[in-house]
Amino acid sequence: MIRKLIIGADQSVLRTPAARVTDFGQPLQDLVRDLHDTMLAPQAGNVTGIGLAAPQIGIAQQVMLVTLNVGHRRKERKIVTAINPEIVAYSTATCRMEEGCLSLPDLYDHVVRPTWVKVRWQNPAGHWCERKFDGWDARIWQHELDHLHGRMFIDFLEDKYTDIGALPAQAALGPDFAGASPA
Ligand SMILES: [Zn+2]
C-alpha cells in the first residue's frame, strides 16, 4: 500500500531516533511492503525514490530501503531492505555529492560524507548481513541511516558542516554501537 510521505524538516517523527525492530512477524512484513510501494510510487516532479526510511511514512522503527547500483549503466538496480542497520566501519576519505530527500521536495544540496562504509543489517527474515559499499550505494546508506537517527541531510550542508551524518562517534572502534547517541 502506498503511504503518505511525511514532509518537512520539523516533523517530530523525522526528528526522533527510531526504535530497533525485535519482532519480525507479519506487521514488519507489511511495513516493508508499504515502504517498497511508497518508494516506487510516482513522486512529484517525476523523480524516482532510491531510498526510503520508515520514519518518512510516520513509523518510528529502524527499517529502511536502499537502491543499489544507482548510476551504473550495466548493473541492474537492486533494492535492499535493511532492518536495524549499523555502520561497522567507514573511510577517512570523504566525498561531496548532491543529495535530495523525498521528505524535502525540491531541495537539493551538497553533503560531504565518507566515501565508503561497511554496514551490517538484518534482512526481513531476521538474518544478519554485512557488506562494504561505495559510490552512490554508500551515499544512500548514510542518508537513510540518518533518518533512523532523527537526522536529515540539511543538517550537514557544507556551510554548517560539523559532523559526519549517520556515524556514531565510536563507529570506527567496533561494531557494537547500536543505540549510540548521535555524534
Ligand atoms: Zn531522505
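How many bridges join strand E6 (residues 116–122) to E7? Seven bridges join them, and the two strands run antiparallel. Before going further, a word on the model: it is predicted, so local features need pLDDT of at least 70, side-chain atom pairs count only at pLDDT 80 or more, and totals for chains, interfaces and linings use all residues. Residues are numbered from 1 along each chain as its sequence is written.

**The sheet**

Strands (E, at least two residues) and helices (H or I, at least four) are DSSP runs, numbered from the N terminus. Two strands pair if DSSP finds at least two bridges between them. Five strands form an open sheet in the order E1-E2-E3-E6-E7, with antiparallel pairing. At its edges are E1 and strand E7 (128–134), each of which pairs on one side only. From one strand to the next, the twist averages 40°.

Angles run from 0 to 180 degrees between N-to-C directions, with axes fitted as lines to C-alpha atoms, for helices over the stretch in contact.

**Helix H1**

Helix H1 (residues 26–40) has 15 residues and reaches 21 Å from its first C-alpha to its last, close to the 21 Å expected at 1.5 Å a residue. That expected span is 1.5 Å times one less than the number of residues. A residue counts as buried if 20 or more other C-beta atoms lie within 10 Å of its own, exposed if 12 or fewer, and partly exposed in between, with C-beta atoms placed from the backbone. Leu31, Leu35, Thr38 and Met39 are buried in H1. They cover an arc of only 95° around the axis (taken from the directions from the axis to the C-beta atoms), which puts them on the same side of H1. Their cover includes strand E1 (51–53) and strand E2 (63–68). Turned away from the buried side is a face that carries the exposed residues Gln26 and Asp30.

**Helix H2**

In helix H2 (residues 135–148), 12 of the 14 residues are buried, so the helix is largely enclosed by the rest of the structure. Among them are Trp141, His143 and Leu145. Gly150, with a positive phi near 75°, follows H2.

Key. Contact = placed C-beta atoms within 7 Å.
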